[in-house]
Amino acid sequence: ARRRGRAALRHYGRHADVLRVKDSLDPEIVLIGDSITHFWGGEPKASQANGPQAWQATFGAYRTLNLGFGWDRIQNVLWRLDHGELDGLHPRLVVLHIGTNNTSDTPHARSNSPEEIADGLRAILRRLRAKVPEARIILMAVFPREASPDHPRRRLITAINAQLLPLGQLP
């Protein structure tokens, strides 16, 4: 999970925020994801909340830990799981929504194939099973991107999502 510059500082700062609040929150629900999750709402607080009313309507009655990190990729989630973010917790439910950022090339990471993304999600699911074996896990599909339905990234995401159903059957 190597990052550079200000993005690294934001990442490690949010990671420290998670480690600081997770045990006292004792979450019933844990959300794991990228910016879609990060900027929705909940604890730890983000610099902005794009859906506070929807958050309250959906999670207001539950202790919910938001492990969404803007710009995260699958490899970043694995790093965070290996560095204590779920340690000692016993949530009833974990919602996993990650993978869209793995479809982009950046200066520090190339885009991944549907097979690589499915393998990465399988690794996360196995890590979740080991860390919170009693939790029910919901694996979300990768949301569509780009305006045109025939855009190459849309085809890539369709191919990724086709590989997710068997992952939901993992013990």
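Let me start with the rings: Trp40, Trp55 and Phe59 are linked into a cluster by ring pairs. A pair here involves rings of Phe, Tyr and Trp, the last by its six-membered ring, with centres within 6.5 Å; planes under 30 degrees apart are called stacked, over 60 edge-to-face, and the rest tilted.

Before going on, the ground rules. This is a predicted model, with local features needing pLDDT of at least 70 and side-chain atom pairs counted only at pLDDT 80 or more, while totals for chains, interfaces and linings use all residues. Residues are numbered from 1 along each chain as its sequence is written, and side-chain values use heavy atoms, with hydrogens and water left out.

Buried means under 20% relative accessible area, exposed means over 50%, and partly exposed is in between, with a 1.4 Å probe and protein chains only.

Back to the rings. Searching the whole structure gives five aromatic pairs. One of them is Phe39 with Trp71, edge-to-face, at 6.3 Å centre to centre and 75 degrees between the planes. This pair links distant parts of the chain, 32 residues apart: Phe39 is in the loop between H2 and helix H3 (52–59), and Trp71 is in the loop between E2 and helix H4 (74–82). Are the two partners buried or exposed? Phe39 has a relative accessible area of 11%, so Phe39 is buried. Trp71 is at 53%, so Trp71 counts as exposed.

The pair of Trp40 and Phe59 has ring centres 5.2 Å apart and planes at 75 degrees, so this pair is edge-to-face too. Trp40 is partly exposed because its relative accessible area is 26%, and Phe59 is buried because its value is 9%.

One more ring. Arg14 lies over the face of Phe69, 5.4 Å from the ring centre. The test for a charge over a ring is NZ of Lys or CZ of Arg within 6 Å of the ring centre and within 35 degrees of the ring normal.

Now the sheet. It is open, with four strands in the order E2-E1-E3-E4 and parallel pairing. Which strands stand at the edges? Strand E2 (64–68) and strand E4 (136–139) do; each has a single partner strand, so one side of each is left without a neighbour in the sheet. On average, neighbouring strands are turned by 15 degrees against each other, direction ignored. The axes are lines fitted to C-alpha atoms, for helices over the stretch in contact, and angles run from 0 to 180 degrees between N-to-C directions.

Strands pair through backbone hydrogen bonds, either parallel or antiparallel. Two strands are called paired if DSSP finds at least two bridges between them. Strand E1 (residues 29–33) pairs with E2 in the parallel sense over five bridges, and E1 with E3 likewise over five bridges. Take Ile32: its bridge partner in E2 is Leu67, and its bridge partner in E3 is Leu96.

E3 and E4 run parallel and are joined by four bridges. Leu93 has Arg136 as its bridge partner in E4, and Val94 has Ile137. From E3 the chain crosses through H5 to E4, a right-handed β-α-β crossover. Right-handed means that, with the strands pointing away from the viewer, the path from the first strand over the helix to the second runs clockwise.

How many of the residues of strand E3 (residues 93–97) are buried? Five of five, and the strand is mostly covered. In a regular strand the side chains alternate between the two faces of the sheet. Here Leu93, Val95 and His97 point one way, Val94 and Leu96 the other, and all are buried.

Thr37 lies in helix H2 (residues 35–38) and is buried, because its relative accessible area is 7%. Contact means heavy atoms within 4.5 Å. Neighbours within four places in sequence aside, Thr37 is in contact with Leu31, Ile32, Asn66 and Gly68.

Ala118 is in helix H5 (residues 114–131), and Ala118 counts as buried because its relative accessibility is 0%. Not counting residues up to four places away in sequence, Ala118 touches Gln163 and Leu167. Ala118 and Leu167 are 49 residues apart in sequence and 7.9 Å apart C-alpha to C-alpha.

Methods:
Helices (H or I, at least four residues) and strands (E, at least two) are DSSP runs, numbered from the N terminus.
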